[in-house]
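Please look through the structure shown here.

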Amino acid sequence: MKRIIILGSTGSIGTQTLEVVDKYSSEFEVVGLACKSNDLILDQIKKYSPKYVAVDCNSLADKIKTAFPFVKVFIGEQGVCKLADIKVDLIINGLVGISGLKPTLTAINRGSNIALANKETLVAGGELVMPLAKEKGVQILPVDSEHSAIWQSLTAKNVKSILLTASGGAFRDWTKDKLVDAKACDALKHPNWDMGAKVTIDSATLMNKGLEIIEAMHLFGVDVDDIKVLVHRQSVVHSMVEYADGSVIAQMSFPDMRLPIQIAMLYPQRGDYAFNTYDFIGKNLTFEEADEERFPCLAIAKYCAKEKGIAPVIMNAANEILVKAYLDNKIKFYDIPYYIRRALDKFYQGQRIEDEAQIYCVDDKVRRYVLQLIG
């Protein structure tokens, strides 16, 4: 049995990961679970009997200690890192935001393989994470459907380009004038995917695709200019790899995150359970160029990907604050790229990443600055 730890067990990735565990109950032992403050974890502990749990909330920790005295409970950010420091076969990182970076580095140093769904780990810390993983002999297995598709499609050398598909998000048919007043409640109505709020807003701004460009750059060792974004409304082709001889290999499936989760969890084996299948008869698959004028976050992310260093750290920190403000109806749609640019103008002067502490220092300064700007 593979011994696994799930970080973010009550979120979208975490709950779907546990659905995969249910289908392959003889394959996995759930050693640890982590969440922020969701009581759902009480049901998960009852069902999966983990030895270790990490939560961010003292009152929830007390509930767990009372109901499950056999469970070792860790608390706060340090608690998540203590959980990640337990050697297991696989850690599924479904945390949201920069909070996913530190436990990833901790797990790599401990020698645990990582199934990574936390984009920000590679966006902010990819220049540290990938070399460390190589040094420690740790595998980083992609969970995002797009990166899983690329991973599955890399069958040979001589790659010419990576074709990264995007659904286009909830606002793919909105004009620029209409987008000025686009509300978060509309952005959350994703046409194809059931995701958490932060990822769904990033999808609407196309920042999600920008983050994925930076992820792909680190995961597969390709230059940003060799990654092309295509809007694919049906979300059936999850990404493609183009080879120098002109051939293109694509991975296609019904849009369901449980499949790429399953692939990462069972690697190097392949599962035999289909959560969904896709009927191609009578269907059309379409592809369009991404509109960077209507969705400037994509252009900003490409710029930061080329610059590397602390530029993606600044972008990511500002974006996290601004997405939260947008969800709270405190700013407008185009305020997100506007204030990200303001943060880059203030903090980025070509600095390279020197160590982990620098990432957190820059991240904190940017968050404080953006919060001050938006009041």
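## Cysteines

The sulfur of Cys 81 lies 16 Å from the closest cysteine sulfur, that of Cys 35, which is too far for a bond. A disulfide is taken here as a pair of cysteine sulfur atoms within 2.5 Å, and the count by this rule is 0. Cys 81 has 12% relative accessibility and counts as buried. The classes are buried under 20% relative accessible area, exposed over 50% and partly exposed in between, with a 1.4 Å probe and protein chains only.

For Cys 185, the closest cysteine sulfur is in Cys 297, 19 Å away and too far for a bond. Cys 185 counts as partly exposed, at 48% relative accessibility.

## Basis of the model

The model is predicted: local features need pLDDT of at least 70, side-chain atom pairs count only at pLDDT 80 or more, and totals for chains, interfaces and linings use all residues. Residues are numbered from 1 along each chain as its sequence is written, and side-chain values use heavy atoms, with hydrogens and water left out.

An open sheet is formed by 7 strands in the order 4-3-2-1-5-6-7, with parallel pairing. Strand 4 (72–75) and strand 7 (140–142) are at the edges with a single partner strand each, so one side of each has no neighbour in the sheet. From one strand to the next, the twist averages 25°. Helices (H or I, at least four residues) and strands (E, at least two) are DSSP runs numbered from the N terminus, and two strands pair if DSSP finds at least two bridges between them.

Strand 2 (residues 28–34) and strand 3 (residues 52–55) run parallel and are joined by 3 bridges. Ala 34 has Ala 54 in strand 3 as its bridge partner. Helix 1 (residues 12–23) lies across strand 1 (2–7), strand 2 and strand 5 (90–93), at about 160° to strand 1. Contact means heavy atoms within 4.5 Å; axes are lines fitted to C-alpha atoms, for helices over the stretch in contact, and angles run from 0 to 180 degrees between N-to-C directions.

Another open sheet has 5 strands in the order 11-10-8-9-12, with mixed pairing. Strand 11 and strand 12 (288–289) stand at its edges, each with a single partner strand, so one side of each lacks a neighbour in the sheet.

Strand 10 (residues 237–243) pairs with strand 11 (residues 248–252) in the antiparallel sense over 5 bridges, and Val 241 is opposite Ile 249. These two strands form a hairpin with 4 residues between them, and Gly 246 in the turn has a positive phi of about 95°. Strand 8 (residues 159–166) is joined to strand 10 by 4 antiparallel bridges, with Leu 163 opposite Met 240. Helix 7 (residues 145–153) lies across strand 8, strand 10 and strand 11, at about 40° to strand 10.
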